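Please keep the view open beside you and follow the points in order.

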Amino acid sequence: MIRGTKELLKLTIFHTEIELRRLSLKPFHDHFKIIFTHGNEENGNPSQMLYYFWLRDHCRCGECINSRTFQKSYHILDIPLNVKPIQYHLEEKQLSVIWDDGHSSEFSLEWLKNVHQPIVRQREYFFWNKDTGSDIVDNSISLDEIKKNKTKCQIKLLKSLLKYGFAFIAGIEPTLNATENAITTFFPVNKTHFGDMWQVTNNYLHNDTAYTDSFLAPHTDNTYWTEAAGLIAFHMLSYEGTGGNTLLVDGFNAATNLKNNRPELYDTLTKNVIEWEYVDEGVHYSNIDHIIKHHPLTKDLWQIRVYDYHMRDTERAPRKDNINRSNQNVEGASHKDNKGRNNRV
Ligand SMILES: [Zn+2]
């Protein structure tokens, strides 16, 4: 017997000192319907469908959740598909349920209220361009600051990355080791087919425009992977000659401008997928994804993939073996670049 069948069980809850909400719970054949109401109106108020099977699978008790790993102690297939409550009780801060499989569960109403919200937090973005971006460049973190207060610098760096999409660390000795030490203060380094830490110069070591002296148009990296690198660190180790300036673009700003000025083009880039490809000696990556992607839950702008040279339909670069290099002593990619290009790590 379900207590309160066909009746609305109502309870007044104080969520905050100033907010008075009434919560109603109504059982159906396979779910509870929870209605959050303001004042006396019930129609049009937010509600949640809590399916019995889902609710039983989300029991938070010590028997169902391992208190050390916070993971479930059973498999979802262990739960009867048609599990139903034989008794339930709504209290001030929790919902108690006795199930027909003999188990009892208690759910915090606050948890029930928030459980269907997307886990991605709203971020504070600052969209910049060539006029406003220079102010951010001055907002760098020095190695001395990091040595004095690492936690404070970690927070500052992460805030800058989330808000602007990039951050600067100043005062690092121009060596690969010093660069790695600075980076690993904040993040672990992921290994790729290029290496974990590696040096880039115009030596055609890889079939990639980054290893030539051609102009490298604004792009995002690893478009040919399902999981593109979320963050890449560059450090100029040596520089002789002219050119090779780093060009930064606020892709989210560009996408938002496109959405505002040419919504039909923005629409095309969000709805059609592109085949991306990277071919080099011993590796062949390919991926299919949108140029502009929205978060599946929040529908906000989420990710941009732009690298014209890695689109599959472009003519493939010749294999490395066929390239007639002017300088054969390039293996190992020495950072002492005699052609005066911008070496980046
Ligand atoms: Zn349980």
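1. Is C64 buried or exposed? C64 is buried, at a relative accessible area of 3%; buried stands for under 20%, exposed for over 50%, and partly exposed for what lies in between, using a 1.4 Å probe and protein chains only. C59 is buried as well, with a value of 1%.

2. A word on the model before going further. This is a predicted model, in which local features need pLDDT of at least 70 and side-chain atom pairs count only at pLDDT 80 or more, while totals for chains, interfaces and linings use all residues. Residues are numbered from 1 along each chain as its sequence is written, and side-chain values use heavy atoms, with hydrogens and water left out.

3. Now for the overall picture. The chain has 345 residues, of which 33% are buried. Its secondary structure comes to eight helices and 13 strands; these are DSSP runs numbered from the N terminus, with helices being H or I of at least four residues and strands being E of at least two. Taking contacts with a separation of 6 or more, 54% join residues 24 or more positions apart, where contact means heavy atoms within 4.5 Å.

4. The zinc ion is coordinated by the SG atoms of C59, C61 and C64 and by NE2 of H103, at 2.1 to 2.2 Å. Donors here are N, O and S atoms within 2.8 Å of the metal (3.2 Å for Na, K and Ca), and sites may look incomplete since water is not among the atoms. Along the chain, the donors follow the spacing C-x1-C-x2-C-x38-H.

5. What is the geometry of the zinc site? It is tetrahedral, with angles of 101 to 116° among the four donor atoms; the label asks that all angles of four donors lie between 85 and 135 degrees. For comparison, the ideal angle for four tetrahedral donors is 109.5 degrees. As for disulfides (pairs of cysteine sulfur atoms within 2.5 Å), the count is zero.

6. The largest nonpolar core has 21 residues, and F32, L55, L95 and L112 have the most contacts inside it. Such a core is a set of buried Ala, Val, Leu, Ile, Met, Phe, Trp, Tyr and Cys residues joined through side-chain atoms within 4.5 Å. At least two residues of this core come from each of strand 2 (20-27), strand 3 (31-38), helix 1 (52-57), strand 5 (85-90), strand 6 (94-99) and helix 2 (109-114). Leaving aside neighbours within four places in sequence, L112 touches I34, Q48, L50, L55, L95 and F107. There is also a second, separate core of 19 residues, with F194, V200, L216 and Y224 among them.

7. A178, T179, A182 and I183 are its buried residues.

8. F70, in the loop between helix 1 and strand 5, has a phi near 60°, a positive value in a residue other than glycine. N222, in the loop between helix 6 and helix 7, likewise has a positive phi near 60°. F70 is exposed at 64% relative accessibility, while N222 is buried at 8%.

9. Finally, visit P218, in the loop between helix 6 and helix 7. P218 is partly exposed, with a relative accessible area of 40%. Apart from neighbours within four places in sequence, P218 is in contact with L247, V249 and V306. The C-alpha atoms of P218 and V306 are 8.0 Å apart, although 88 residues separate them along the chain.

Notes. Tetrahedral: all angles 85-135°; square planar, octahedral: opposite > 155°, others 65-115°.
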